[in-house]
Amino acid sequence: MKWGLFGGTFDPIHFGHLRAAQELIERLSLDRVVFIPAFLPPHKTDRVISSFEHRLQMVRLAVSDNERFAFSDVENQRPGKSYSIDTVRYFLNSHDENLELYFITGQDAFDAITTWHQWGELLSLCHFVVMTRPGYENRGLAHILPEDIAASYIYNDLNDCFLGPQESRIYFRKTTFLDISSSAIRQNIQQGLSIQYLVPDQVIRFINEKKLYR
Ligand code: ATP
Ligand code: MG
């Protein structure tokens, strides 16, 4: 089994997330992608984020019509900051040993990987899939990881990925450029502008019902 783990704040989830996940399922033959809202995102300390329950509910609504999409509230079950390494360990410990995990991030998030809690260990526990994102250039591993560690990843022609010292892989994949962000969506709502065609209709209805981002 090959599962993608797609972590994020998802405040709110949008078509940029959903379309990219769908393309990665097809490109990497993933059996499913699990969307995992962060309970307390370690990097988002500058603003008040929506409640975990609301963000989870929006994810639930957004993924409900795709049988290869799933969601998990595992990060709500741990106190304190939500570290991806704990989430990956949880999936590895609670599922079949044949489960292969692919942690999905956008280029912007991966650029900051060395600020993540226990990032070295994290990179060895699962594969990473880095998606293109408008506004963020892929400048290669040498610009993201310390020199010696970047050098320990060898390009693998056959699978078009970088193979690390502990057999874990890093894939860079082009997905359809959708210049959509949750920040811009929140801004639109604040300015009274439409968010139609950026966010699934069922999520728009939920946002309106709960009067989020006003
Ligand atoms: P915000 O503007 O609040 O930061 P966001 O749109 O970046 O929201 P996040 O929840 O921060 O959404 O993103 C979760 C993950 O999805 C990150 O790894 C991010 O890089 C990726 N991502 C978000 N939007 C896109 C997009 N349009 N295309 C590709 N990847 C994306
Ligand atoms: Mg973001």
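A pocket is, on a 1 Å grid over the protein atoms alone, an open set of points where a 1.4 Å probe fits, with protein on both sides within 12 Å along at least five of seven lines. A molecule sits in a pocket if more than half of its atoms lie within 2 Å of the pocket's grid points.

This is a predicted model, in which local features need pLDDT of at least 70 and side-chain atom pairs count only at pLDDT 80 or more, while totals for chains, interfaces and linings use all residues. Residues are numbered from 1 along each chain as its sequence is written, chains are lettered from A and ligands numbered from 1 in the order in which they are written, and side-chain values use heavy atoms, with hydrogens and water left out.

**View 1. Ligand 1 in the largest pocket.** Around ligand 1 there are 22 residues, each with a heavy atom within 4 Å of the ligand. Lys44, Asp108, Arg133, Ser182 and Ser183 come nearest. The shell has twelve polar, six nonpolar and four charged residues; here Asp, Glu, Lys and Arg count as charged, Ala, Val, Leu, Ile, Met, Phe, Trp, Tyr, Cys and Pro as nonpolar, and the others, Gly among them, as polar. Elements that each supply at least two shell residues include strand 1 (2-8), helix 1 (15-28) and helix 7 (182-190). Helices (H or I, at least four residues) and strands (E, at least two) are DSSP runs, numbered from the N terminus.

View 2. An oxygen atom of the ligand is 2.5 Å from a side-chain N or O atom of Asp108. A polar backbone atom of Ser182 is 2.8 Å from a ligand oxygen, and a polar side-chain atom of Arg186 lies 3.1 Å from one. Ligand 1 taken alone exposes 600 Å², of which the protein buries 91% (Shrake-Rupley method, 1.4 Å probe).

**View 3. Strand 1 and its partners.** Strand 1 runs parallel to strand 4, with five bridges, and parallel to strand 2 (residues 32-37), with six bridges; pairing requires at least two DSSP bridges. Lys2 stands opposite Glu100 in strand 4, and Gly8 opposite Pro37 in strand 2.

Key
A polar contact is a pair of N or O atoms within 3.5 Å; within protein, one must be able to donate a hydrogen and the other to accept it, and residues adjacent in sequence count only if both atoms are side-chain atoms. On a 1 Å grid over the protein atoms alone, a cavity is a set of points where a 1.4 Å probe fits but cannot get out, and a pocket is an open set with protein on both sides within 12 Å along at least five of seven lines; lining residues have an atom within 4 Å of a point.
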